[in-house]
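Dear colleague,

Please find below the structure for your review. My notes on it follow directly after.

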Amino acid sequence: MSKLLKLYKKNICKKLIKKFNYTSIMQVPRLVKIVINVGLNYKFLEKNKINNVLLNIKLITGQKPIVTRSKKSISNFKIRKNFPIGCKVTLRKKNMWNFLDKLIFIVIPRIRDFRGFSKKCFDKYGNLNIGIKENTIFPEIDYEKLTYLHGLNISFIIIKNNINESIELFKQFKFPLIN
């Protein structure tokens, strides 16, 4: 069991119940899933380049990513129907908690000149969306074997409709947030 999951079950739930005066443990905001998404540029349309990106995402998350394809042709973006335009991975349960643990305690401290994520990253439902510019901050990626740098988007989906409660949940996780 992940350290963060143990911390959530033993300490964080109790603190949030006390702070927001919940009557049931089911009212406490909880993390449901983490979605990691990579958008591919038209430069990545070669088969081996897409495979490199898929391999990197598989190394980072421990799950095989799904290739997302275009639904229609758009000539301005040089996209044809059924072209690969990205890949995504949805993490739940054990994999989600392990990834969050690794992200908070290993990956985020490796970001150069990092002060924290803004509270503007939260949407109106309390979900957190962050962007990472380089995949080299993950320890699984071997920089010498890396041929292409790409960024990724990480979305944390939370069951709760209040931004303040979601912010408090991430503060309890020791997630680096700034005002």
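What percentage of the residues in the chain do buried residues make up? Of the 179 residues in the chain, 40% are buried, where buried means under 20% relative accessible area, exposed means over 50% and partly exposed lies in between, with a 1.4 Å probe and protein chains only.

Please note that this is a predicted model, in which local features need pLDDT of at least 70 and side-chain atom pairs count only at pLDDT 80 or more, while totals for chains, interfaces and linings use all residues. Residues are numbered from 1 along each chain as its sequence is written, and side-chain values use heavy atoms, with hydrogens and water left out.

Overall fold

The chain contains 4 helices and 7 strands; these are DSSP runs numbered from the N terminus, with helices being H or I of at least four residues and strands E of at least two. Read from the N terminus, their order is α-β-α-β-β-α-β-β-β-α-β. The C-alpha trace spans about 55 × 35 × 30 Å along its principal axes. Among contacts (heavy atoms within 4.5 Å) with a separation of 6 or more, 67% are between residues 24 or more positions apart.

Strand pairing

Strands count as paired if DSSP finds at least two bridges between them. Strand β3 (residues 84-91) pairs in the antiparallel sense with β1 (residues 30-39) over 6 bridges, and Asn37 stands opposite Lys88 of β3. Strand β3 also pairs with β2 (residues 66-69), again in the antiparallel sense, over 4 bridges; here Val67 has Cys87 as its bridge partner.

A nonpolar core is a set of buried Ala, Val, Leu, Ile, Met, Phe, Trp, Tyr and Cys residues joined through side-chain atoms within 4.5 Å. The largest one has 47 residues, and those with the most contacts inside it are Ile34, Leu103, Phe138, Ile154, Phe156, Phe173 and Phe175. Helix α3 (93-107) is among the elements that give two or more residues to this core, and α3 gives the most, with 7 residues. Leaving aside residues up to four places away in sequence, Phe138 touches Ile60, Phe99, Leu103, Val107, Arg110, Ile132 and Leu152.

Helix α4 is largely enclosed by the rest of the structure, because 7 of its 10 residues are buried. Those buried are Glu165, Ser166, Ile167, Glu168, Leu169, Phe170 and Gln172, and their cover includes α1, β1, β5, β6 and β7.

Largest pocket

On a 1 Å grid over the protein atoms alone, a pocket is an open set of points where a 1.4 Å probe fits, with protein on both sides within 12 Å along at least five of seven lines; lining residues have an atom within 4 Å of a point. The largest pocket has a volume of about 390 Å³, taken as the space filled by probe spheres set on the points, which are joined across faces, edges and corners. Its lining consists of Arg110, Ile111, Arg112, Phe117, Gly131, Ile132, Lys133, Glu134, Thr136 and Ile137.

Backbone points to check

Most residues other than glycine have a negative phi. Asn21, in the loop between α1 (3-20) and β1, has a positive phi near 55 degrees and is exposed, with a relative accessible area of 64%. Lys174, in the loop between α4 (163-172) and β7 (177-178), has a positive phi near 70 degrees and is likewise exposed, at 59%.

Kind regards
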